[in-house]
Amino acid sequence: MIRLLYCSQAKPDFNKDTLDEILLTSRKNNSEAGITGVLVHGGGMFMQVLEGPEQAVLRTYVKILDDKRHTDSRIIHITPVKERLFSNWTMGVVEAGPLTFEHVAKLRANRLESVHADAFSQVMREFNAMLIKT
Ligand SMILES: Cc1cc2nc3c(=O)[nH]c(=O)nc-3n(C[C@H](O)[C@H](O)[C@H](O)COP(=O)(O)O)c2cc1C
């Protein structure tokens, strides 16, 4: 099983209806593919965690990468995992303010190999805390 975290920019015309459409498709597809995760949206950006079987997560990410409703998608972190962080969510959604994205923006700026595991864990812990509050 793997966990993939990416960040992207919403297109300027992105709205609530578009988000609802994405969630509907995601929940259907993800439950069939054994994928769980969370989609965080705010300040014109997305951050999404996808976790599940390696092939399924990668196949889904390739589809997402091609999606014209957002641009500039970058993988921030990808790692093998034994346990899920978001086991109850076929795709949870969090509407976040721009502040929440500060950490993600920092990770994104130093993306991929330079991202330290601790920095990633910190971001994940904060998202978990936020989800519990929501
Ligand atoms: C920000 C964002 C997140 C998305 N997340 C998922 C997802 O978790 N699972 C999924 O199947 N599709 C997701 N999509 C939609 C895919 O890009 C694609 O439209 C969809 O998987 C196509 O489904 P279909 O093959 O059943 O037509 C997302 C799209 C965007 C823009």
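The ligand sits in the largest pocket of this structure, and the model I am presenting is a predicted one. The volume of that pocket is about 350 Å³. Its lining comprises 18 residues, and those closest to the pocket centre are Ile22, Ser26, Ile64, Asp67 and Arg69.

Let me turn to where this lining comes from. Three elements each contribute at least two residues to it: helix 1, spanning 16-33, strand 3, spanning 45-52, and helix 2, spanning 54-65. Helix 1 provides the largest share, with 6 residues. Sorted by class, the lining holds 8 nonpolar residues, 7 polar residues and 3 charged residues.

Next, the surroundings of the ligand itself. The ligand is surrounded by 17 residues, of which Ser26, Asn29, Asn30, Gln48 and Asp67 are the closest.

Which elements supply at least two residues each to the shell around the ligand? They are helix 1, strand 3 and helix 2, the elements that also supply at least two residues each to the pocket lining. Helix 1 again gives the largest share, here 5 residues of the shell.

On the oxygen side, an N or O atom in the side chain of Asp67 is 2.6 Å from an oxygen atom of the ligand. On the nitrogen side, the side chain of Asn30 places an N or O atom 2.8 Å from a nitrogen atom of the ligand. Ser26 has a polar side-chain atom that lies 3.5 Å from a ligand nitrogen atom. Taken on its own, the ligand has 620 Å² of accessible area, and the protein covers 79% of it.

To close, I would return to two residues.

Definitions and conventions
Residues numbered from 1 in each chain as written. Predicted model: local features only at pLDDT ≥ 70, side-chain atom pairs only at ≥ 80, totals over all residues. Heavy atoms only, no water. 1 Å grid on protein atoms, 1.4 Å probe; cavity = no way out; pocket = protein on both sides within 12 Å on 5 of 7 lines; lining within 4 Å. Points joined across faces, edges and corners; volume = space filled by probe spheres on them. Helix = DSSP H or I, 4+ residues; strand = E, 2+ residues; numbered from the N terminus. Nonpolar A, V, L, I, M, F, W, Y, C, P; charged D, E, K, R; others polar. Near = heavy atom within 4 Å. Polar contact = N/O pair within 3.5 Å; in protein donor to acceptor, adjacent residues only side chain to side chain. Areas by Shrake-Rupley, 256 points an atom, 1.4 Å probe, with all protein chains shown as cover. Sits in = over half its atoms within 2 Å of the grid points.
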